[in-house]
Amino acid sequence: MSDTIETAILGGGCFWCTEAVFENVKGVKQVVSGYSGGTVPGHPTYREIISGLTGHAEVVHITFDPEIISYDTILNIFMTTHDPTTLNRQGADVGTQYRSAIFYNSETQKATAEKVIKNLQPYYDQPIVTEITEAKPFYEAEIEHQDFYKNHPNYGYCTVVIDPKLKKLKSNFKTYLKS
């Protein structure tokens with residue numbers, strides 16, 4: 001691995017799902033579930049987030065090696081393993097805390113996000129509603145939300161919601177899977 005490390009902050013509904021996807025991607029060094037994009041000062045709690053009143057989204061903070069996987073590929077995986085066409089919703093998870101969002105860390109990341117969305121739009125019947133917003137402070141979620149799928153693979157939500165996302169990842173991005 002190189003000494004160059006980059007980060008991505010992505011919200012694609014429940015953070016357990018997005019975390020589970022990226023924990024299986026080659027070049028990803030770390031995935032941390034958390035919250036970002038809100039207006040409430042201080043470190044929010046899960047209970048506050050799920051109220052929908054903080055403005056924060058459930059997100060993952062991804063640390064990756066760009067010499068192994070590009071930001072562009074990270075975004076393509078992200079955009080195709082959740083539904084970027086549903087506003088403030090992913091399946092049964094409804095509210096602004098479950099919005100599809102890319103929080104960029106630089107103008108280069110912003111331009112890449114805009115390009116990826118433009119290139120993927122023809123593959124969707126509905127408009128992509130993923131927000132592209134400058135990164136705001138990231139707050140790590142409580143310990144029980146970290147590595148949730150790894151720790152609870154047979155939990156009902158995991159088998160019904162996360163397993164199909166992992167199947168899609170394995171089908172569409174074989175060359176990027178960790179061995």
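**Strand pairing and helix packing in a predicted model**

Good morning. Strand β1, residues 6-12, pairs with strand β3, residues 57-64, in the antiparallel sense over 5 bridges. Please bear in mind throughout that this is a predicted model.

Within that pairing, L10 has V60 of β3 as its bridge partner. Strand β1 is also joined to strand β6, residues 100-104, by 4 bridges, and these two strands run antiparallel. Here G12 has S100 of β6 as its bridge partner. How many of the 7 residues of β1 are buried? The count is 5, and the strand is thus described as mostly covered.

I turn now to the helices. Helix α1, residues 15-22, packs with helix α3, residues 71-80, at an angle of about 135°, and their axes lie 11 Å apart. That angle makes α1 oblique to α3, and the crossing of the two helices is right-handed. Which residues meet at this contact? From α1 there are T18, V21 and F22, and from α3 there are I74, I77 and F78.

Y155 counts as partly exposed because its relative accessibility is 44%, a value between the 20% limit for buried and the 50% limit for exposed. Leaving aside neighbours within four places in sequence, Y155 is in contact with W16 and F148.

Thank you for your attention.

Terms used. Residues are numbered from 1 along each chain as its sequence is written. This is a predicted model: local features need pLDDT of at least 70, side-chain atom pairs count only at pLDDT 80 or more; totals for chains, interfaces and linings use all residues. Side-chain values use heavy atoms; hydrogens and water are left out. Axes are lines fitted to C-alpha atoms, for helices over the stretch in contact, and angles run from 0 to 180 degrees between N-to-C directions. Angles under 35 degrees count as roughly parallel, over 145 as roughly antiparallel, 65 to 115 as roughly perpendicular and the rest as oblique. A crossing is left-handed if the near helix is turned anticlockwise from the far one by less than a right angle, and right-handed if clockwise. Contact means heavy atoms within 4.5 Å. Buried means under 20% relative accessible area, exposed over 50%, partly exposed in between (1.4 Å probe, protein chains only). Two strands pair if DSSP finds at least two bridges between them.
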